[in-house]
Amino acid sequence: MTVRPIVIIGEPVLHRGAALVTTFDDELRTLVSDMHETNVAANGVGLAAPQIGVGLRVFVWKMTNDDGVPESGHLINPTVTTSRAPTDRPDPNEDSEGCLSVPGESFALKRPLSAHVVGYDLDENLVEFDATGWFARCMQHEYDHLNGTLYVDRLADRQAKKARRAVKRNGWGKPGHAWHPGVDVDPFGHDEAHDDEHHAHADGHTGELAG
């Protein structure tokens with residue numbers, strides 16, 4: 001397994017739809033293994049293949065949940081359908097979301113509270129489950145990546161303006177930027193916090209999520 005660099009907003013692969021996986025082979029197994037390894041090294045709750053520069057419809061997660069779903073898993077060619085999104089304004093203390101491809105930043109975003117998830121595992125077995133709460137947010141976040149959408153693209157009003165300023169301040173928004181988990185300083189500050197419940201800038205209890 002290999003920890004791969006994570007590309008940053010502005011890299012073209014992050015802003016276009018990923019291709020369907022058509023061949024389930026050893027190369028795909030290596031990709032999924034590397035994604036798990038990279039996600040753990042980055043202290044992420046989830047990681048999509050485009051985030052490591054691979055334009056395929058694959059994502060992994062490592063996140064506790066209340067839905068009876070294994071804490072660690074992967075999906076290939078997934079579909080995620082959701083309940084209606086809340087219409088009230090996002091609360092920065094309760095709805096703060098982050099992304100490993102927008103490292104070190106977080107902004108408030110309302111998401112639907114539940115999601116129905118369908119996809120395939122490496123053995124081409126059908127995987128289907130319902131996700132709720134912050135696990136549902138994680139599934140939506142990673143699925144968005146496969147459609148060329150980052151969470152900052154969904155922000156509105158003040159949060160959107162803050163995100164644009166952050167992208168400009170960091171010199172992102174163009175190709176060529178990446179960070180390497182385990183080599184570079186953790187942008188979300190996990191180098192100083194190794195608590196299991198702090199697994200990803202978020203475990204659903206702190207009101208933040210990065211994937």
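**Figure 1. Proline 103 in its loop.** In this predicted model, proline 103 lies in the loop that links strand S5 (96-98) to strand S6 (106-108). Leaving aside residues up to four places away in sequence, proline 103 touches Ile8, Trp172, Trp179, Pro187 and Phe188. Now look for threonine 64: its C-alpha atom is separated by 22 Å from that of proline 103, and the two residues are 39 apart along the chain.

**Figure 2. Arginine 137 in helix H2.** Helix H2 covers residues 133-146, and arginine 137 is found in it. With a relative accessible area of 5%, arginine 137 is buried. Which residues does arginine 137 touch? Not counting residues up to four places away in sequence, they are Asp95, Glu97, Leu109, Arg111 and Leu209.

**Figure 3. The largest nonpolar core.** Nonpolar side chains tend to be buried together in soluble globular proteins. Here, the largest nonpolar core has 37 residues. Those with the most contacts inside this core are Ile9, Met35, Val58, Val102, Tyr151, Val152 and Leu155. Two or more residues each come from strand S1 (6-7), helix H1 (26-41), strand S3 (58-62) and helix H3 (157-170). A second, separate core has 20 residues, including Val69, Val80, Ala136 and Leu209.

**Figure 4. A close look at valine 58.** What surrounds valine 58, once residues up to four places away in sequence are not counted? Valine 58 touches Val21, Leu28, Leu31, Val32, Met35, Leu47, Ala48, Ala49, Leu75, Ile76 and Leu146.

Definitions and conventions: Residues numbered from 1 in each chain as written. Predicted model: local features only at pLDDT ≥ 70, side-chain atom pairs only at ≥ 80, totals over all residues. Heavy atoms only, no water. Core = buried A, V, L, I, M, F, W, Y, C linked by side-chain atoms within 4.5 Å. Buried < 20%, exposed > 50% of the residue type's maximum accessible area, 1.4 Å probe, protein only. Helix = DSSP H or I, 4+ residues; strand = E, 2+ residues; numbered from the N terminus. Contact = heavy atoms within 4.5 Å.
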